[in-house]
Amino acid sequence: TPYLLIGPALLAALLFSWSIFHSDLSKREAREGVPILNMMRGDNIWLPQINPDELRTKPPMFYWSGLLSSKILGGVNEVSLRIPSVLAGVGTVLLTTILGMRQFSPVVGCLAGLIIATCWRFTYLASHARIDMLFAFFITLAFVALWELSRQQQTSMKWIAGMAIGLAVLTKGPLGLLFPLLSLLIFSRIQKSLNIPWLHILFLPLTMVGLWIVFGLIDGG
């Protein structure tokens, strides 16, 4: 079982990290990298800026992750900008494997991880400086936590689910809240006895986003 659990994630790490050392930034990636470069130079960290008069249309989570990896690696380059997507992609494969094992069997979970790891579009997004893979990771983490919560009411899972949803919203906006809530609504219709911790699922993400908005406004946004 340990090999079935780790195998898809190791394959994903190899596939996703291969191209980050062997290709230049695309136009789309370079556009996402500009706010990170500005943050490295000391500009506003709350608001991803292309220039003082133009903001990116997405919240800052991806740019913060790129800023962290760039500081660790000592500068903004192709690798530092792509590392967050690689790590998020590997994490998503691992979570998918875990969920498949928990729902069905170790073999099914391993196959699910292998399928998603070798999907061409998934591999592309997990090896490029794009917001999508980080968003996919947080949404998947929220779903896994909510699934575990439906099986047994654990306080830790409430917090993990709520924080994952909040981070998803901070990555790509209201869609991070919409997808889990729609899934919960459908699932609650099937599982009549489901006890949904709305305080964690709804108000924790809104509090996280509210704090970012307050700091952004204070800093001139």
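F135 is buried at a relative accessible area of 9%, whereas F179 is partly exposed at 35%; buried denotes under 20% relative accessible area, exposed over 50%, and partly exposed the range in between, with a 1.4 Å probe and protein chains only. The model is predicted, with local features requiring pLDDT of at least 70 and side-chain atom pairs pLDDT 80 or more, while totals for chains, interfaces and linings use all residues. Residues are numbered from 1 along each chain as its sequence is written, and side-chain values use heavy atoms, leaving out hydrogens and water.

Across the whole structure, a search finds eight aromatic pairs. Rings of Phe, Tyr and Trp (its six-membered ring) pair if their centres lie within 6.5 Å; planes under 30 degrees apart are stacked, those over 60 edge-to-face, and the rest tilted. Two of the pairs are tabulated here.

| Pair | Centre to centre | Angle between planes | Class |
|---|---|---|---|
| F62 and Y63 | 5.6 Å | 80° | edge-to-face |
| F135 and F179 | 6.3 Å | 55° | tilted |

The pair of F135 and F179 links distant parts of the chain, 44 residues apart: F135 belongs to helix α7 (residues 132-151) and F179 to helix α9 (residues 175-190). Helices (H or I, at least four residues) are DSSP runs numbered from the N terminus.

Elsewhere, W46, W64 and F215 are joined into a cluster by ring pairs.

A charge also sits over a ring: R151 lies over the face of W147, 4.5 Å from the ring centre. The criterion is NZ of Lys or CZ of Arg within 6 Å of the ring centre and within 35 degrees of the ring normal.

How values were computed
Helices (H or I, at least four residues) and strands (E, at least two) are DSSP runs, numbered from the N terminus.
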